[in-house]
Amino acid sequence: MEVVDDAAGADVVVVNTCTVTREATKASRSAIRRAVRANPAATVVVAGCYAVSDPEEVQAIEGVDLLVGNDDKERFAEVLGVARILPPVMQIGGLRPPRLPFRVRANLKVQTGCDEWCTFCIIPTTRGPLRSLDEDRLIAEATDKVAAGARELVLTGVHLGKYTYDSGGDERSLIRLFRRLLDIEGVWRLRLSSILSQHLTDDVLSFMASESRMCRFLHVPLQAGDDDVLRAMHRPYDIAGFVDAIERAKEALPGLALATDIIVGFPTESDAAFEATLDVVRRVGFSKLHVFRYSPRPDTAAASMPDAVPPEVKKERSKRLIELGNEIRARFLNDHLHRPIEVLVEDERDIDGVTVCSGQTDDFVRVWFEGRGLLGAMVELEGHEVRADGIRGGRVLRVLRR
Ligand code: SF4
């Protein structure tokens, strides 16, 4: 089996869906319909949360051949080998994984499921309760990925900070996992995908501070800058706790970049509450904001709250927040200019006769530059110019590792 990016002519088309908001569900439905229309001869597989939350609705879409649950979606190659003899939404185990593709930055899913029940979120329903993956299996998987060329591992999970909490563990398990992963020969970087502020404990931060291969980047979801809204969202922290965690993280990890998610227009968000969100964003100085306009997701607790914020107000708040985020991000990106920066090269391709490399910095900035034969290398160069959400770099000053 060969994985192709372009669906045209593919035998199997996989549509990975999301249902985090009503808009996301709508977009998932359209993506499925487009895939069916564009590939009438292909087997169309629907994976992800929409396949789990509304299987009957998805199956009813003409042209859908198969549904795959979240726990199976990373094993398509195995699943598809037996797809035609299995019923929709399958449980499959004990099959050998496919040959790994070359990826300089590879994800490692260490945990899934969530038990927070935020009132706007369907994930605890679609992904189920907390489940952590076995540490030894993760080390084996990571070792395979590193052997296949990965230099940066990104730990992913719906609720990464609660790794092993489902079996009575605590943050020490996460730190032990970091340590064991960093012991694998060839791991140059370890990155966390997203972690809630209350899991940035002193022990986690001091481990990160002691290990230069832990990326100086954290994605810490805020969602709202007002305690009343956070309570209505059933978020497991308040603003004082969030800001305290961020301040400790910044102190422990100089140069730390911080990204976050924010929902605007949640049912209880007043003008003052929104101003408080702007204020927290200014104080923290997030390097990247992901702004979402609230829309009720059926079957969540918030869906029964009156959707009190009019669409035009949501739009205006979203615009102001995005502008503030862009302003802060521009300053952050500018800080990468005219000084040496380290880039792990993840891609190299010819564009109009020029070989362009791209990769990421430790603090998660994409950098493009001209160079050849550098895929998978760690290089040092100077940032020259801020470009569409990244940096254009100058010539390579040094190859640090390869
Ligand atoms: S922490 Fe909240 S928003 Fe995140 S997955 Fe769990 S329930 Fe959803």
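## Exercises: a ligand shell, a barrel and a helix pair

The shell around the ligand splits into 7 nonpolar residues, 1 polar and 1 charged. Here Ala, Val, Leu, Ile, Met, Phe, Trp, Tyr, Cys and Pro count as nonpolar, Asp, Glu, Lys and Arg as charged, and the others, Gly among them, as polar. Keep in mind that this is a predicted model, where local features need pLDDT of at least 70, side-chain atom pairs count only at pLDDT 80 or more, and totals for chains, interfaces and linings use all residues. Residues are numbered from 1 along each chain as its sequence is written.

**Exercise 1.** Find which residues are around the ligand.

*Solution.* Take a residue as near a molecule if its C-beta atom, placed from the backbone, lies within 6 Å of it. That gives you C114, E116, W117, C118, C121, I123, P124, V158 and H159.

**Exercise 2.** Work out in what order the strands of the closed barrel run, and how they pair.

*Solution.* Step one is the ground rules: helices (H or I, at least four residues) and strands (E, at least two) are DSSP runs, numbered from the N terminus. Two strands pair if DSSP finds at least two bridges between them.

Step two, the order: the 5 strands go 11-12-13-15-14, with mixed pairing. On average, neighbouring strands of this sheet are turned by 45° against each other, direction ignored.

Step three, go pair by pair:

- Strand 11 (residues 340-351) runs antiparallel to strand 14 (residues 378-387), with 5 bridges; L344 has M378 in strand 14 as its bridge partner.
- Strand 13 (residues 366-370) and strand 15 (residues 390-401) are parallel and share 2 bridges; W368 sits opposite R392 in strand 15.
- Strands 14 and 15 are antiparallel over 8 bridges, with G383 opposite G393 in strand 15.

Step four, check the turn: the hairpin of strand 14 and strand 15 has 2 residues between the strands, and D389 there takes a positive phi near 55°.

**Exercise 3.** Work out how helix 7 and helix 8 pack, and which residues meet.

*Solution.* Start with the axes, which are lines fitted to C-alpha atoms, for helices over the stretch in contact, with angles from 0 to 180 degrees between N-to-C directions. Those of helix 7 (residues 171-182) and helix 8 (residues 202-210) come within 10 Å and cross at roughly 10°. The two helices are therefore roughly parallel to each other (that label covers angles under 35 degrees).

Now the contacts, meaning C-beta atoms, placed from the backbone, within 7 Å. E171, L174, I175 and F178 in helix 7 meet D203, V204 and F207 in helix 8. Sort the residues of this contact and you get 5 nonpolar, no polar and 2 charged.

How values were computed. Angles under 35 degrees count as roughly parallel, over 145 as roughly antiparallel, 65 to 115 as roughly perpendicular and the rest as oblique. Two residues are in contact if their C-beta atoms, placed from the backbone, lie within 7 Å.
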